[in-house]
Amino acid sequence: MFTDMVGYTALSQRDEARALHVLEKHNTLTRSVLSKHRGREVKTIGDAFLLEFDSALDATLCAIDIQQKLHEHNLAATEPDRINIRIGIHEGDVVHRGSDILGDAVNIASKIEACADPGGICITAAVFLQVRNKPPHPLAKLPEQKL
């Protein structure tokens, strides 16, 4: 799973102190649900997370949980403190190098994250085959994407 904050670069150019505060809140909220879904934080890359799961369903449920927590946060936050992220999920083999992971599955997850709307989750067909009819929310098919 890859996550990325929407508008973080622009916020950090306008108000770096506020951007760092928003980033810390994002990181705290994301990490607060990770263990519940048996996920592992591989690394952060600026305002993005690379997360690993043993199950496509765990990744998908975690993504839904993260977006739900951020939605709840945003209801109470003023505009500059609202956090919107995109999430991309793909499943496949990865290569472990130290604490990092590499491979096509990682690359695809990073690319499909950009296909998600702000506040949304984009999963590949491979993930859909693993999770269809299991999440408590409907899944909508996007037109074919060129990565």
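I call a residue buried under 20% relative accessible area, exposed over 50%, and partly exposed in between (1.4 Å probe, protein chains only). This is a predicted model, so I kept local features to pLDDT of at least 70 and side-chain atom pairs to pLDDT 80 or more, while totals for chains, interfaces and linings use all residues. Residues are numbered from 1 along each chain as its sequence is written, and side-chain values use heavy atoms, with hydrogens and water left out.

**Entry: Gln 67**

I started with Gln 67, and with a relative accessible area of 10% Gln 67 is buried. I found Gln 67 in helix H3; helices (H or I, at least four residues) and strands (E, at least two) are DSSP runs, numbered from the N terminus. What does Gln 67 contact, leaving aside neighbours within four places in sequence? I listed Ile 85, Ile 87, Gly 119, Gly 120 and Ile 121, taking contact as heavy atoms within 4.5 Å.

**Entry: strand E3**

Next I checked strand E3 (residues 48–52). Five of its five residues are buried, so the rest of the structure largely encloses E3. Ala 48, Leu 50 and Glu 52 point one way from the strand, and Phe 49 and Leu 51 point the other way.

Then I looked at its partners, counting two strands as paired if DSSP finds at least two bridges between them. Strand E1 (residues 2–5) runs antiparallel to E3 and is joined to E3 by three bridges, with Thr 3 opposite Phe 49. Strand E2 (residues 40–45) is also antiparallel to E3, here with five bridges; Ile 45 has Ala 48 as its bridge partner. Two residues lie between the strands in the hairpin of E2 and E3, where Gly 46 has a positive phi near 65°.

Which residues of H2 are buried? I noted Ala 19, Val 22, Leu 23, His 26, Asn 27, Leu 29, Thr 30, Val 33 and Leu 34. They cover an arc of only 170° around the axis, so they sit on the same side of H2; the arc is that of the directions from the helix axis to the C-beta atoms. On the other side of H2, I found Ala 17 and His 21 exposed. Among the elements that the buried residues of H2 pack against are E1, E2, E3 and helix H3 (56–76).

In helix H4 (residues 104–113), the buried residues are Ala 105, Val 106, Ala 109, Ile 112 and Glu 113. Their arc is only 135° around the axis, which puts them on the same side of H4. Their cover includes E1, E3, E4, strand E6 (100–102) and strand E7 (121–123).

**Entry: the cores**

For a nonpolar core, I took a set of buried Ala, Val, Leu, Ile, Met, Phe, Trp, Tyr and Cys residues joined through side-chain atoms within 4.5 Å. The largest has 25 residues, and Met 1 and Ile 66 touch the most other members. H1, H2, E3, H3, E4 and helix H5 (125–131) each supply at least two residues of this core. A second, separate core of six residues includes Phe 2, Val 42, Leu 50 and Val 106.

**Entry: salt bridges**

I counted a salt bridge when a side-chain nitrogen of Lys or Arg is within 4 Å of a carboxyl oxygen of Asp or Glu. How many salt bridges does the structure hold? It holds eight.

Glu 41 pairs with Arg 31, with the closest N and O atoms 2.7 Å apart. This pair links strand E2 and helix H2, 10 residues apart.

Asp 65 and Lys 36 meet at 3.1 Å, N to O. Asp 65 is in helix H3 and Lys 36 in the loop between H2 and E2, so the pair ties together parts 29 residues apart in sequence. Asp 65 is buried at 14% relative accessible area, whereas Lys 36 is exposed at 56%.

**Entry: positive phi**

Last, I noted Arg 38, a residue other than glycine with a positive phi near 55°. Arg 38 lies in the loop between H2 and E2, and with a relative accessible area of 57% Arg 38 is exposed.
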